[in-house]
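Try each one yourself before you read the solution.

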Amino acid sequence: MSSLVSYSSERLGRLHDDAERIVADPAVAVATQSIRERSGAGSEMLGWLDLPSKRDDLSRLIDTATSLREEIDTLVVIGIGGSYLGARAVLEATAWRRDGGPTVFFAGHHLEGQELGRLLKSLEGREVAVNVISKSGTTTEPAIAFRLLRKFLEDTYGPEKAAKRIVATTDAQRGALRTLADQKDYVTFAVPDDVGGRFSVLTPVGLFPLAVAGCDVQALLDGAAAEAARCLEGDAAQVPAVRYAALRHAAHLQGSAVEVLASFFPSLHSIAEWWKQLFGESEGKQGRGLFPAAVDYTTDLHSMGQYLQDGRRILVETFVDVADPPAGPVIPSDADDLDGLEYLAGRTVDAVNREALPAVADAHGDGGVPCQVITLPDATEASVGSLLFFFEFAVAVSGRLLGVNPFDQPGVEAYKTNLFRRLGKPGFAD
Ligand code: PA5
């Protein structure tokens, strides 16, 4: 299938031989097999493996999204972490595919009052719907945003119409949001028990807001399914996501501390944000794991470029490229050439961008940074779906190689509990 992403380790430099050795190590096949067979630590949270082909509730989801879309001009998606990053990532990466449709705002992912106030103000006079997403149904940031947005909807449209403009995505049975949604008779979608927040983009957590926005969610799932087929069968050493996981492990063993995900496409910025959560929460435990950092090129070459080129050699750099990006403008000719740019006249901006990746990879490689490239054929929903599953499978194998449970997040819970205690939530006092 043409939407599959590809992985190249040609520029790994000093890590190349180590990575090849680790790919061939039986431990990699064992780690891959444990995910395929659903065994090992956290195996009860492997429901994401089935999501690309599991389409039980998909027609209700698409029907609900389609009729809501006809009524509104604005969708506010409330959620944090795994309950918003995936939708935002896909939405931004594929924005060029949509013309019209509701404006999408994200809320509930921070606690800055003025920002929330500004959002509420900007909603006045619009036809607004809210999709509130929280697996636990108790997270502070989205709960506060939802209380404010709910009041806005009820004050603006009255309680009955407001209830029709709210869709809740949460646990099928538990949590405050489930109780509230049932009492108020909101349309709801369930987050499966066996899928953690950061693996939930292909559940209604990601799919519902994407469908309202006009994304082709079937194509997203098809792309993920194609990648899943590649990951779940055959010789592990030939699976690109496994090879990427092995490289990360080689880097970790050699003392690297940071993996920098770099793309030359601002539209992929939120893909990197999603990736940071996926790898950070899955691997950052027991004092282990590469710190996942991200840069936007060429912008950050003018701020972080110096460190990448010449700072502490604790980095590996992973480029996310798009082979056939959406077309942009051509650089116009100007006979005066006062800006000295005539040598670029007639080329597209993207053609200039295309030269930047090898220029940077060569420079950073010369500076001692092992580089690797993951390439999407294009920025369609199918290719993005393939990329999402690629990273999910890779982090599962990588976590196994690292000897951690890649499917829990005890550190996130610690912060949530501390905040409840400091705020005086009943049941959480000292
Ligand atoms: O991965 C995780 O578990 C977290 O990042 C959650 O996604 C995040 O804290 C939001 O949790 P919830 O969906 O329960 O509100």
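**Exercise 1: Contacts to the ligand**

In this predicted model, a polar side-chain atom of T139 lies 2.5 Å from an oxygen atom of the ligand. Find what S83 and K135 bring to the ligand's oxygen atoms.

Solution. Start with S83: an N or O atom in its side chain is 2.6 Å from a ligand oxygen atom. Then go to K135, where a backbone N or O atom lies 2.7 Å from an oxygen atom of the ligand. Now look at cover: on its own the ligand has 380 Å² of accessible area, and the protein covers 92% of that.

**Exercise 2: The surroundings**

Solution. First the site: the ligand is found in the largest pocket.

**Exercise 3: Cysteines**

How many disulfides does a search of the whole structure find, and are C215 and C371 buried or exposed?

Solution. Step one: searching the whole structure turns up 0 disulfides. Step two: take the cut-off for buried, under 20% relative accessible area. C215 has 8% relative accessibility, so C215 counts as buried. C371 is at 0%, so C371 counts as buried too.

How values were computed: Residues are numbered from 1 along each chain as its sequence is written. This is a predicted model: local features need pLDDT of at least 70, side-chain atom pairs count only at pLDDT 80 or more; totals for chains, interfaces and linings use all residues. Side-chain values use heavy atoms; hydrogens and water are left out. A disulfide is a pair of cysteine sulfur atoms within 2.5 Å. Buried means under 20% relative accessible area, exposed over 50%, partly exposed in between (1.4 Å probe, protein chains only). A polar contact is a pair of N or O atoms within 3.5 Å; within protein, one must be able to donate a hydrogen and the other to accept it, and residues adjacent in sequence count only if both atoms are side-chain atoms. Accessible areas come from the Shrake-Rupley method with a 1.4 Å probe; for residues, only the protein chains shown count as cover. On a 1 Å grid over the protein atoms alone, a cavity is a set of points where a 1.4 Å probe fits but cannot get out, and a pocket is an open set with protein on both sides within 12 Å along at least five of seven lines; lining residues have an atom within 4 Å of a point. A molecule sits in a cavity or pocket if more than half of its atoms lie within 2 Å of its grid points.
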